[in-house]
Amino acid sequence: MAIGKWIGGWFGWISSGSVLGALAGFAIGSFFDAFAERSQQREESRFSEQEEEEPKDGRNDFLFSLMVLSAHVIQADGKIMHSEMELLRQFLRNSFGEQAAKEGNEIILKLFEYRKQRGEGEWQRNITEACREMTFHMSHENRLQLLAFLCGIAKADGRVDEKEVQVLHSIATLLSISPEAVSQMLHLDGESLDDAYAVLGIRKEATDEEVRKAYRQMAIKHHPDRVATLGEDVKAAATKKFQQINDAKERIFKARGMK
């Protein structure tokens, strides 16, 4: 399945004056030109299939938003790391196939070029406005999963630069998510007790009841069923994150002798 499958359906929620729409036009116009050259029969078949199978309720806006903000995070520390690019390609490969991974890579490169051509000021203004559009169109749970994916990109090269943390905090704020969520998500892969407390967003001095309350809140906000409409690939990522939250809770419970 090519990436054009979801791009084709994505424009349904974008108004003509949208910043995301403008970025999409810059980044993917050439792909639509290529699709138009295919036979009419194949085009009709592909779009008919899209109408039958394309996931609704936020799938398309989530995916292109992921592309735009991934470009922003990947360049946060001034370096474009292979490991970060590969994480994004792997997600597209698993979701849509090898062709989608190649096309997605080209889209990211075009977004990098857009930033270079238009300048840092305009890019930052566009990111701000794009996040506002995402906040309007996407549920809080979907935005949380988007932020979790971006934190994964920042961690892909084995270290998280302070500039990446600053960009993630900025994105979280623009998406109407507490910046504290960034720290929680960056510690998900950690195995220490300190990491566990960071995941739940509490201090070591917290009472047992505060620990239970923090876990319940995290479990409710990050339950994978809340992003089921985004597709099985996104739900699988959310399920992994949910298990990591449970693992953090278990480490704290064990250390405290809680049940």
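Me: Quick definition before we dig in: a cavity is a set of points on a 1 Å grid where a 1.4 Å probe fits but cannot get out, and a lining residue has an atom within 4 Å of one of those points. On those terms, which residues line the largest cavity?

Reply: Keep in mind that this is a predicted model. The lining of the largest cavity consists of Glu-141, Leu-144, Gln-145, Lys-221, His-222, His-223, Arg-226, Val-227, Ala-238 and Lys-241.

Me: Which elements give two or more residues to that lining?

Reply: Helix H8, residues 140–155, and helix H13, residues 232–256. H8 is the top contributor to the cavity lining, with three residues.

Me: How much space lies in there, and how many cavities of 30 Å³ or more turn up in the whole structure?

Reply: The largest cavity holds about 40 Å³. The search over the whole structure comes back with one cavity of 30 Å³ or more.

Me: What's the class breakdown of the cavity lining?

Reply: Four charged residues, three polar and three nonpolar.

Me: Let's pick Lys-241 from that list. Where is Lys-241, and is it buried or exposed?

Reply: Lys-241 sits in helix H13. Its relative accessible area is 5%, so Lys-241 falls under the 20% cut-off and is buried.

Me: What does Lys-241 contact, leaving aside neighbours within four places in sequence?

Reply: Gln-145, Ala-148, Leu-188 and His-222.

Me: Switching to pockets. What volume does the largest one have, and which residues lie nearest its centre?

Reply: The largest pocket comes to about 480 Å³. Its lining has 18 residues, and Ala-148, Phe-149, Gly-152, Ala-237 and Lys-240 are the ones nearest the centre.

Me: Which helices supply at least two residues of the pocket lining?

Reply: H5 (82–96), H8 and H13. H8 gives the most here, with six residues.

Me: And the classes for the pocket lining, how do they divide?

Reply: Eight nonpolar residues, five polar and five charged.

Me: H8 keeps coming up. How many of its residues are buried?

Reply: H8 is mostly covered, with 14 of its 16 residues buried.

Me: What about its length: what span should H8 have, and how far apart are its end C-alpha atoms?

Reply: At 1.5 Å a residue, the 16 residues of H8 should span 22 Å, and the end C-alpha atoms are 23 Å apart, which agrees.

Me: Which residues does Ser-70 touch, not counting those up to four places away in sequence?

Reply: Leu-88, Ile-108, Phe-149, Leu-150 and Ile-153. Ser-70 belongs to helix H4, residues 59–74. With a relative accessibility of 0%, Ser-70 counts as buried.

Me: On to electrostatics. How many salt bridges does the count come to?

Reply: The count is 15 salt bridges. One of them pairs the side chains of Lys-155 and Asp-189, at 3.0 Å from N to O. Lys-155 is in helix H8, while Asp-189 is in the loop between helix H10 (180–186) and helix H11 (193–200), so this pair ties together parts 34 residues apart in sequence.

Me: Asp-189, what does its relative accessibility say?

Reply: Asp-189 is at 47%, so it counts as partly exposed.

Me: Which residue does Lys-204 form a salt bridge with?

Reply: Asp-194, with the closest N and O atoms 2.6 Å apart. Lys-204 is in the loop between H11 and helix H12 (208–221), Asp-194 is in helix H11, and the two are 10 residues apart. Lys-204 counts as partly exposed at 47% relative accessibility, and Asp-194 is partly exposed too, at 46%.

Me: How about Arg-159, which residue does its side chain meet in a salt bridge?

Reply: Asp-161, at 3.9 Å from N to O. Here Arg-159 is partly exposed at 45% relative accessibility, whereas Asp-161 is buried at 18%.

Me: Last one: which residues are linked in a network of salt bridges?

Reply: Glu-86, Arg-89, Arg-93 and Glu-98.

Notes: Residues are numbered from 1 along each chain as its sequence is written. This is a predicted model: local features need pLDDT of at least 70, side-chain atom pairs count only at pLDDT 80 or more; totals for chains, interfaces and linings use all residues. Side-chain values use heavy atoms; hydrogens and water are left out. On a 1 Å grid over the protein atoms alone, a cavity is a set of points where a 1.4 Å probe fits but cannot get out, and a pocket is an open set with protein on both sides within 12 Å along at least five of seven lines; lining residues have an atom within 4 Å of a point. Grid points are joined across faces, edges and corners, and a volume is the space filled by probe spheres set on the points. Helices (H or I, at least four residues) and strands (E, at least two) are DSSP runs, numbered from the N terminus. Ala, Val, Leu, Ile, Met, Phe, Trp, Tyr, Cys and Pro count as nonpolar, Asp, Glu, Lys and Arg as charged, and the others, Gly among them, as polar. A salt bridge is a side-chain nitrogen of Lys or Arg within 4 Å of a carboxyl oxygen of Asp or Glu. Buried means under 20% relative accessible area, exposed over 50%, partly exposed in between (1.4 Å probe, protein chains only). The expected span of a helix is 1.5 Å times one less than its number of residues. Contact means heavy atoms within 4.5 Å.
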